[in-house]
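Here is a short tour of one protein model, written for someone who is new to reading structures. Have a look at the sequence and the 3D view, then follow the points below.

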Amino acid sequence: QAGEAVPVAQRSSWTSFLKSIASVSGDLSSMTAPPFILSPISLTEYPAYWCERPELFAEIGNATTSEARVLAVLKWFISTLKGQYTSRNETSGSEKKPLNPALGELFYGHWPDKNGRGKTDLIVEQVSHHPPITAYVIENQSKGLKLVGHNAQKTSFSGGSIIVKQIGHAVLTVKLPSGSEEKFLLTLPRLRIDGLWYGAPYIELTEHSNVVGDGFVGVVEYKGKGYFSGKSHTFKATLTPQPGMGGASTKEIVVEGLWHQNSKIVTGGHGPFHDVSAPKEEVTAVGGEAKGEMGPMETRKLWELVSKGIREGDFDTASKEKTRIENEMRQRRKDEVASGTSWELKHFTPIASDPLYEELGKLAKITPPTEDAYVFKGNWPESLRPSN
Ligand code: CLR
């Protein structure tokens, strides 16, 4: 029955929400949804999903050959998918609609050093509000690893599902002991959000994404229920060495499995590959101001009362506070226009085309051939890098 998981009092507003999704395509982020589907967490917190297995990230820095390195990158990448795409179902019963970040919204955090893996730091900044674009940097300085990326979404409605095309990419820079650098380009899968009719949305990954670098072109293909293995969350990753790109190896490597469980190498080697049955490790949020305090644009401070309202079921307060913030932001934009100024980003500088995306993208025939990017300014807050 329609709306089975929807509280009875919210069924008609859920139906009209679905109708408006079907008619408005592009950007769902600013659409008003019924309370039961609201998440108290802003999209600026989502980049933390990239590092919830910090030891796998650190392992990339320990690899000593191209092949070992690209395998470590792939293993870390695949191991983030469970957190990125199924964790809301586990913590709140279904996919939820995150808070739509304000321009300049910030999130800072870290994962502590443990068992020699080194400390990993995170900065996130909302670099555009309309359309919503989130930029992030994750760095493990002691292992010479830095991930810089941004993401946005284009949504459409098809066959009762929301189709989310992810726009954006990430570049992982690995500093080698020799002093030279190896760079990897990562692109993102397409999402299909099913279960809408019942009010219990969940994500399936579709199409493919790429991991390109160190002499290898990697393609990760995603399939859901009803496709070749018949199971949800199936993937197949193929790493193809590029002749003349330095990779000493010439053999293709294929990995197959379920991204939310485990996988194995089936060609070019054998044995278990990734396994995400062990619990992940959430980021420790820190304030970016003096003494680790949170400034007014830091996500947990900015949305404090909205989140509290959503968590406690006080949707009146949540909605009043949300309107107050949105009006404040609108006023800020008006003032900027009036004074001929514009909002200055704190941690990132936009560039119209990322040369590395073009160079590595060409190898994997990634479309579009060029994409913009956000370059990290290198300014870590004192609370994350006391030595600065
Ligand atoms: C953001 C980038 C992360 C991975 C990720 C996971 C879930 C995605 C989210 C991204 C973007 C926003 C998203 C969300 C799932 C639902 C939500 C697509 C890609 C949309 C805007 C909300 C739809 C509303 C229904 C749940 C009712 O690395």
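Lysine 291 is placed in the loop between strand 18 (284-286) and helix 4 (299-302); helices (H or I, at least four residues) and strands (E, at least two) are DSSP runs, numbered from the N terminus. The model is predicted, so local features need pLDDT of at least 70 and side-chain atom pairs count only at pLDDT 80 or more, while totals for chains, interfaces and linings use all residues. Residues are numbered from 1 along each chain as its sequence is written, and side-chain values use heavy atoms, with hydrogens and water left out.

- Most residues other than glycine have a negative phi, and most peptide bonds are trans.
- Lysine 291 is not a glycine, yet its phi is positive, at about 55°.
- With 82% relative accessibility, lysine 291 counts as exposed (buried means under 20% relative accessible area, exposed over 50%, partly exposed in between, with a 1.4 Å probe and protein chains only).
- Glutamate 207 also is not a glycine and has a positive phi of about 60°; at 47% relative accessibility, glutamate 207 is partly exposed.
- Histidine 130 and proline 131 are joined by a cis peptide bond with omega of about 5°, and proline 131 lies in the loop between strand 4 (120-128) and strand 5 (133-140).
- Another cis peptide bond runs from threonine 367 to proline 368, with omega near -10°.

**Tryptophan 50 and threonine 80**
- Look for tryptophan 50 in the loop between strand 1 (38-42) and helix 2 (54-62); at 6% relative accessibility, tryptophan 50 is buried.
- Leaving aside neighbours within four places in sequence, tryptophan 50 has contacts that include Thr80, Gln84 and Tyr136 (contact means heavy atoms within 4.5 Å).
- Threonine 80 belongs to helix 3 (residues 66-92) and is buried, with a relative accessible area of 6%.
- From threonine 80, the side chain reaches the backbone oxygen of phenylalanine 77 at 2.8 Å.

**Around the ligand**
- Helix 3 gives the most to the shell around the ligand, with three residues.
- In the side chain of glutamine 84, an N or O atom is 2.6 Å from an oxygen atom of the ligand.

Methods: A polar contact is a pair of N or O atoms within 3.5 Å; within protein, one must be able to donate a hydrogen and the other to accept it, and residues adjacent in sequence count only if both atoms are side-chain atoms.
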